[in-house]
Amino acid sequence: LLLEASLSRAIRNGELVLGYQPKVDLRTGKVVGAEALVRWQHPVDGIIAPDIFIPVAEQTGLIIPLGDWVLDEACATLHALAAVGIEDFVIAVNLSARQLRQRRFVNRLADTLARHGVPAHRLELEVTESQLMDHPEEARDALAQLKLLGVRLSIDDFGTGYSSLSHLQKFPVDCIKIDRSFLGGGTDPDDGHEVITRAIIALGHNLKLQVIAEGVETIEQLTFLRDHDCDQMQGYYFSPALAQDGLQEMLRRDA
Ligand code: G
Ligand code: G
Ligand code: MN
Ligand code: NA
């Protein structure tokens, strides 16, 4: 209850900040996008990680105003990047199922994009496989509406949410994100992790989806993914989440 009250205040007082973790194209080595990860800059307790307050936000409904803030801020950043000539860049925002289920979500998102002058295809929404599978039919309909708007869609934490292949085929998404628990050490060729990673990449490509690996921490993992035709990666090996100016600096150097 204490956390709920202070989180509510934090949203209103501008205590939330976004970090941006770069996503790298494994063929060109270029930074092609970033995942927005919210942090709470608490005036007394310092930085609070999302695993602490996102579950509270989801239980209390605060995920709606919090999620609105995140989308608005991500669009503002996309606008700021475009203003300095960085236009072929995608920001991904994590979306909770509760946001997806709001009746007017797609309309409000369209308003947010328009207000910042951001084309829909530069925004990506990540929803976890397990949240999609809570109500797969509803989720599919909501995703279909978002697809019409033109945003990119991806299934987060893929491989952990027990979706049947028939459901996967019906979700109108562009990309799957291999959950980091499947990456393993990347040195043992008989490692069961590698079999699963290869199978997910093949599954994604057979369904004409892009595949990104998250949580890449070593050169061995990166090499394995590149050798097995994974499209993109993100992880501490390349970069943690950066503040907006840090991201902008990286993109300027990379250009
Ligand atoms: O950055 P970090 O590894 O601590 O993120 C932890 C979790 O919080 C991840 O599962 C991530 O998807 C989630 N998360 C981060 N930012 C957001 C957000 O803006 N909205 C939602 N719903 N989840 C987020
Ligand atoms: O949305 P998702 O649950 O995938 O959130 C990404 C989370 O993974 C964030 O909390 C982020 O800080 C974390 N993360 C990003 N890169 C790495 C990494 O290379 N290793 C580990 N262990 N965690 C990572
Ligand atoms: Mn994510
Ligand atoms: Na994830």
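**Burial, strands and helix contacts**

Mentor: Ile47 is exposed, because 10 other C-beta atoms lie within 10 Å, where exposed stands for 12 or fewer such atoms, buried for 20 or more and partly exposed for the range in between, with C-beta atoms placed from the backbone. The model is a predicted one, in which local features need pLDDT of at least 70 and side-chain atom pairs count only at pLDDT 80 or more, while totals for chains, interfaces and linings use all residues. Residues are numbered from 1 along each chain as its sequence is written, and chains are lettered from A and ligands numbered from 1 in the order in which they are written.

Trainee: In which strand does Ile47 lie, and with which residues is Ile47 in contact once its neighbours within four places in sequence are left aside?

Mentor: Ile47 belongs to strand S3, residues 46-48, where strands are DSSP runs of E with at least two residues, helices are runs of H or I with at least four, and both are numbered from the N terminus. Contact requires that two C-beta atoms, placed from the backbone, lie within 7 Å. With neighbours within four places in sequence left aside, the contacts of Ile47 are Arg39 and Gln41.

Trainee: Is Leu100 buried or exposed, and which residues does Leu100 touch beyond those up to four places away in sequence?

Mentor: Leu100 lies in helix H4, residues 97-100, and is buried because 22 other C-beta atoms are within 10 Å. Its C-alpha atom is separated by 8.1 Å from that of Leu143, 43 residues apart along the chain. Not counting residues up to four places away in sequence, Leu100 touches Leu95, Phe105, Val127, Ala139 and Ala142.

Trainee: How many residues of strand S5 are buried, and which of them point the other way from Leu123, Leu125 and Val127?

Mentor: Strand S5, residues 123-128, is mostly covered, with six of its six residues buried. Leu123, Leu125 and Val127 point one way from S5, and the residues that point the other way, also buried, are Glu124, Glu126 and Thr128.

Trainee: In which sense do S4 and S5 pair, and how many bridges join S5 to S6?

Mentor: Strands pair if DSSP finds at least two bridges between them. Strand S4, residues 90-94, pairs with S5 in the parallel sense over four bridges, and Val93 stands opposite Leu125 in S5. Glu124 stands opposite Arg152 in S6. S5 and strand S6, residues 152-158, also run parallel, and the number of bridges that join them is five.

Trainee: How do the axes of H3 and H5 lie relative to each other, and how do the residues of their contact divide by class?

Mentor: The axes of helix H3, residues 63-83, and helix H5, residues 105-116, come within 9 Å and cross at roughly 30 degrees, where axes are lines fitted to C-alpha atoms, for helices over the stretch in contact, and angles run from 0 to 180 degrees between N-to-C directions. H3 is therefore roughly parallel to H5, since angles under 35 degrees count as roughly parallel, over 145 as roughly antiparallel, 65 to 115 as roughly perpendicular and the rest as oblique. Leu71, Asp72, Cys75, Ala76, Leu78 and His79 in H3 meet Leu109, Thr112, Leu113 and His116 in H5. With Ala, Val, Leu, Ile, Met, Phe, Trp, Tyr, Cys and Pro taken as nonpolar, Asp, Glu, Lys and Arg as charged and the others, Gly among them, as polar, the residues of this contact divide into six nonpolar, three polar and one charged.

Trainee: Which residues make the contact of H1 with H2?

Mentor: The axes of helix H1, residues 2-13, and helix H2, residues 50-60, come within 10 Å and cross at roughly 90 degrees. H1 is therefore roughly perpendicular to H2. The contact is made by Leu3, Glu4 and Leu7 of H1 together with Phe53, Val56, Ala57 and Thr60 of H2.

Trainee: What is phi of Asp157?

Mentor: Most residues other than glycine have a negative phi. Asp157 lies in strand S6 and is partly exposed, because 19 other C-beta atoms lie within 10 Å. Its phi is positive, in a residue other than glycine, and is near 50 degrees.
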